[in-house]
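Q: Please take a close look at the aromatic rings in this model. How do they pair, and what surrounds them?

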Amino acid sequence: MGKKNKRLDNATITERRPGYYEIKVYYNDISGKLKRKSFSGRDINVLRDKAEDFLAFEAIKTKNIDYNSTIPEILRHRYELDYTKGYTREAGYARTVESLKKIERSFIGFKPIVNVTKEDLEQFLCDIKKYSNSVIGKTYGQLKLAYREAICEGIITKNLMENRDLRCPKSNRPDTKVR
């Protein structure tokens, strides 16, 4: 019994023995070197799904944020990494991406993080006072996370969110009591 190969774009499917398959995928790692990863098993569809998931995860890892990245791009990159690593589930990922839209639609969502000033952040924090305290807290936490990530990536050197004047604002709306 000889092995049967079928070549795809960046993968090779091989039938090792009747009913047992191996998929080899080729990808570039973070340093740019060509690597190979193999998946083997009886169900070829499961193997394809595993290979696609692996390649998607590798693509996210190699996609870095750069000097012109905006706050939403930095946060989205972080949330995608957390989701692919299993730190968040699909529902949590969807909620965080949905709450990110408040920043994306604002004026600071279009500026690269290196061009965002303390005054811009103060204005944004004043603008979100129309939301509830929980939404404001979540958005404020996202801003802090974006600045921490930007410092870790070497995009910025000073974390504006650590400024004493940029505190989490309180809502204009009264808190609702839930029984």
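A: The answer starts with the overall layout, then takes up the rings, and ends with the nonpolar cores.

This is a predicted model, in which local features need pLDDT of at least 70 and side-chain atom pairs count only at pLDDT 80 or more, while totals for chains, interfaces and linings use all residues. Residues are numbered from 1 along each chain as its sequence is written, and side-chain values use heavy atoms, with hydrogens and water left out.

The chain has 5 helices and 4 strands; helices (H or I, at least four residues) and strands (E, at least two) are DSSP runs, numbered from the N terminus. Their order from the N terminus is β-β-β-β-α-α-α-α-α. Of its 179 residues, 36% count as buried, where buried means under 20% relative accessible area, exposed over 50%, and partly exposed in between (1.4 Å probe, protein chains only).

Rings of Phe, Tyr and Trp (its six-membered ring) pair if their centres lie within 6.5 Å; planes under 30 degrees apart count as stacked, over 60 as edge-to-face and the rest as tilted. By this rule there are 3 aromatic pairs. One of them joins Phe-39 and Phe-54 edge-to-face, at 5.9 Å centre to centre with 65° between the planes. Because Phe-39 lies in strand β4 (residues 34-41) and Phe-54 in helix α1 (residues 44-62), this pair ties together parts that are 15 residues apart in sequence. Phe-39 is buried at 13% relative accessibility, and Phe-54 is buried at 16%. Another pair is that of Tyr-83 and Tyr-93, which counts as stacked because the ring centres are 4.8 Å apart and the planes stand at 25°. Tyr-83 belongs to helix α2 (residues 71-85) and Tyr-93 to helix α3 (residues 90-105), so here parts that are 10 residues apart in sequence are tied together. Tyr-83 is partly exposed, with a relative accessible area of 33%. Tyr-27, Phe-39 and Phe-54 form one aromatic cluster.

A nonpolar core is a set of buried Ala, Val, Leu, Ile, Met, Phe, Trp, Tyr and Cys residues joined through side-chain atoms within 4.5 Å. The largest one has 26 residues, and Ile-71, Leu-121, Leu-143 and Tyr-147 have the most contacts inside it. Two or more residues come from each of α2, α3, α4 (118-127) and α5 (133-152), with α5 giving the largest share, 7 residues. Contact means heavy atoms within 4.5 Å. Leaving out residues up to four places away in sequence, Ile-71 touches several residues, including Ile-103, Leu-143 and the aromatic Tyr-147. A second, separate core of 9 residues includes Ala-11, Ile-13, Val-25 and Ala-51.

Ser-69, in the loop between α1 and α2, is buried at 3% relative accessibility. With residues up to four places away in sequence left out, Ser-69 touches Ile-74, Pro-112 and Ile-113.
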